[in-house]
Amino acid sequence: MRAMFVLILSTIIAASSILMVGPQIIVIVPLALVLGIFFAVRRSFGSLVCFGYPFTFGLIIAWIGYKETPGYEQTLTFAVLVGVGLFACVLIAVGLWLSLPDRKGKEPVRGN
């Protein structure tokens, strides 16, 4: 069940990086980084999600370059952007996996 939530939420978060196209990137990226620092100070794995989100923009830039420039998918820039974007997706998935609760109940504590 948790794997399904991680997959769905990771996809939604990565797809929402399209919102960073335009001047709103000036607000979104610093906000994500500040939230990432906040969660890191609290020792939460949610910081991985916040730190990974701005880097998913690499996938958006690679997609735009692919659509706009013929032969762009054969360049080193394209490969680097896709690599950065996929690394960000892995950060988001790991952060969600470690921060979402599993559906197992806690085992009762047995006395000595």
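**Close-up views of helix packing and selected residues**

**Helix α1 against helix α5.** In this view, α1 and α5 are oblique to each other, a class left for angles that are not roughly parallel (under 35 degrees), roughly antiparallel (over 145) or roughly perpendicular (65 to 115). The model is predicted, so that local features need pLDDT of at least 70 and side-chain atom pairs count only at pLDDT 80 or more, while totals for chains, interfaces and linings use all residues. Residues are numbered from 1 along each chain as its sequence is written, and side-chain values use heavy atoms, with hydrogens and water left out. Helix α1 covers residues 2-15 and helix α5 residues 76-99, and the two pack at an angle of about 140° with their axes 9 Å apart. Helices here are DSSP runs (H or I, at least four residues) numbered from the N terminus, and their axes are lines fitted to C-alpha atoms over the stretch in contact, with angles running from 0 to 180 degrees between N-to-C directions. From α1 the contact (heavy atoms within 4.5 Å) involves Arg 2, Ala 3, Val 6, Leu 9, Ser 10, Ile 13 and Ala 14, and from α5 it involves Cys 89, Ile 92, Ala 93, Leu 96 and Trp 97. Sorted by type, the residues of the contact of α1 with α5 comprise 10 nonpolar, 1 polar and 1 charged; Ala, Val, Leu, Ile, Met, Phe, Trp, Tyr, Cys and Pro count as nonpolar, Asp, Glu, Lys and Arg as charged, and the others, Gly among them, as polar.

Ser 10, which is found in helix α1, counts as buried at 12% relative accessibility, where buried means under 20% relative accessible area, exposed over 50% and partly exposed in between (1.4 Å probe, protein chains only).

**Helix α4 against helix α5.** The axes of helix α4 (residues 57-68) and α5 come within 7 Å and cross at roughly 145°, and α4 passes α5 in a left-handed crossing. The contact is formed by Gly 58, Leu 59, Ile 61, Ala 62 and Tyr 66 from α4, together with Phe 78, Leu 81, Val 82, Gly 85, Leu 86 and Cys 89 from α5. By residue type, the contact of α4 with α5 has 9 nonpolar, 2 polar and no charged residues.

Apart from neighbours within four places in sequence, Met 20 is in contact with Ile 25, Ile 28, Val 29, Tyr 53, Pro 54, Thr 56 and Phe 57. Between the C-alpha atoms of Met 20 and Leu 31, which are 11 residues apart along the chain, the separation is 12 Å. Gln 24, also placed in the loop between α1 and α2, is partly exposed, with a relative accessible area of 33%. The side chain of Gln 24 reaches the backbone oxygen of Val 21 at 2.8 Å, a polar contact in the sense of a pair of N or O atoms within 3.5 Å; within protein, one atom must be able to donate a hydrogen and the other to accept it, and residues adjacent in sequence count only if both atoms are side-chain atoms.

Arg 43 lies in the loop between α2 (25-41) and α3, where it is exposed, with a relative accessible area of 78%. Although Arg 43 is not a glycine, it has a positive phi of about 60°; most residues other than glycine have a negative phi. Ser 47, by contrast, is found in helix α3 (residues 46-52) and is buried, with a relative accessible area of 9%. The side chain of Ser 47 reaches the backbone oxygen of Ser 44 at 3.0 Å, and, not counting residues up to four places away in sequence, Ser 47 touches Gly 36, Phe 39 and Ala 40.

**Val 27 and Val 41 in helix α2.** Val 27 has its place in helix α2 and is exposed, with a relative accessible area of 55%; its C-alpha atom and that of Thr 11, 16 residues apart along the chain, are separated by 22 Å. Val 41 also lies in helix α2 and is exposed, with a relative accessible area of 66%. The C-alpha atoms of Val 41 and Leu 19, 22 residues apart along the chain, are separated by 27 Å.

Key: A crossing is left-handed if the near helix is turned anticlockwise from the far one by less than a right angle, and right-handed if clockwise.
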